[in-house]
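Please open the model in your viewer and keep the selection tool at hand, as this tour goes from one selection to the next.

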Amino acid sequence: MAAVPTCLRVFIAALLILCGALAVMPQAQAGTYTVSGIPVDVTAADASTARDQAIVDGQRAALQKLVENMMGSEKAKQIPLPSDDEISAMVQDFEVENERVSSVRYVGSLTYRFLSDPVDRLVGRAPAGTLDTTQMPMPAGPVRTITAKVPISGLEQWMDVRSKLVGVPLLHRADVRYLAPDEGKIDLVFSGEPAQLMQALAQHQLQLTQTGPDWMLMQLGVPGATTP
């Protein structure tokens with residue numbers, strides 16, 4: 001039987017790792033934090049082992065960078081990172097930006113997407129995957145859902161938007177569908193008409209607008225928003 005080329009073994013190993021991650025990924029936790037540009041450089045007995053270790057080292061470095069971005073360098077030092085297996089469970093998926101492989105060495109740059117809920121719990125924040133916004137009884141009537149893009153300049157602005165959603169009249173909850181450093185996507189589940197929700201959000205310094213089929217939610221007072 002012919003020997004399997006090293007490059008093919010590396011590809012198969014990567015495919016098995018990715019399939020395993022997808023198989024155990026909690027589908028309900030749609031919110032993610034994306035960290036790009038993580039450099040890795042590992043030498044091991046063979047290329048496959050080096051790549052596997054690079055992925056593990058890279059996810060730890062990516063989580064450390066994410067925690068520092070969320071909390072600041074000083075506060076991040078006070079937050080111990082979990083074990084490698086626990087970090088792996090927090091990773092939704094990863095992408096290879098670029099890579100170089102020799103018979104014993106793996107060098108590359110990776111992007112990781114972390115499930116937002118376990119990361120929020122790690123840093124002591126309420127999970128972002130589903131935000132319960134209700135502080136009062138909801139009015140009777142049909143329940144509607146609007147999916148809106150949320151342009152942001154960073155995680156701090158995202159947290160500001162989340163905090164403003166709490167207690168908005170008509171709004172049952174806000175389910176995060178996607179989250180990156182410059183944009184999020186959120187399902188606004190509410191009772192009443194969209195125009196009523198727009199007015200209620202404006203009272204909390206949030207602007208909901210529609211252009212064709214697309215909705216956008218942003219803070220009043222930031223570039224791109226207008227005063228109603």
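Begin by selecting Phe94, Tyr112 and Phe114, which ring pairs link into a cluster; rings of Phe, Tyr and Trp (its six-membered ring) pair if their centres lie within 6.5 Å. This is a predicted model, in which local features need pLDDT of at least 70 and side-chain atom pairs count only at pLDDT 80 or more, while totals for chains, interfaces and linings use all residues. Residues are numbered from 1 along each chain as its sequence is written, and side-chain values use heavy atoms, with hydrogens and water left out.

Now keep Phe94 and Tyr112, whose rings are 6.0 Å apart centre to centre with 35 degrees between the planes, a tilted pair (under 30 degrees would count as stacked, over 60 as edge-to-face). Phe94 belongs to strand β2 (residues 91-101) and Tyr112 to strand β3 (residues 105-115), 18 residues apart; strands are DSSP runs of E with at least two residues, helices runs of H or I with at least four, numbered from the N terminus.

Next, select Leu188, which, leaving aside neighbours within four places in sequence, is in contact (heavy atoms within 4.5 Å) with residues including Leu165, Leu197, Leu201 and Leu217.

Finally, select helix α7 (residues 194-202), where the buried residues are Leu197, Ala200, Leu201 and Ala202. These buried residues pack against α6 (155-165), β6 (171-180), β7 (183-191), β8 (206-211) and β9 (214-219).

Notes:
Buried means under 20% relative accessible area, exposed over 50%, partly exposed in between (1.4 Å probe, protein chains only).
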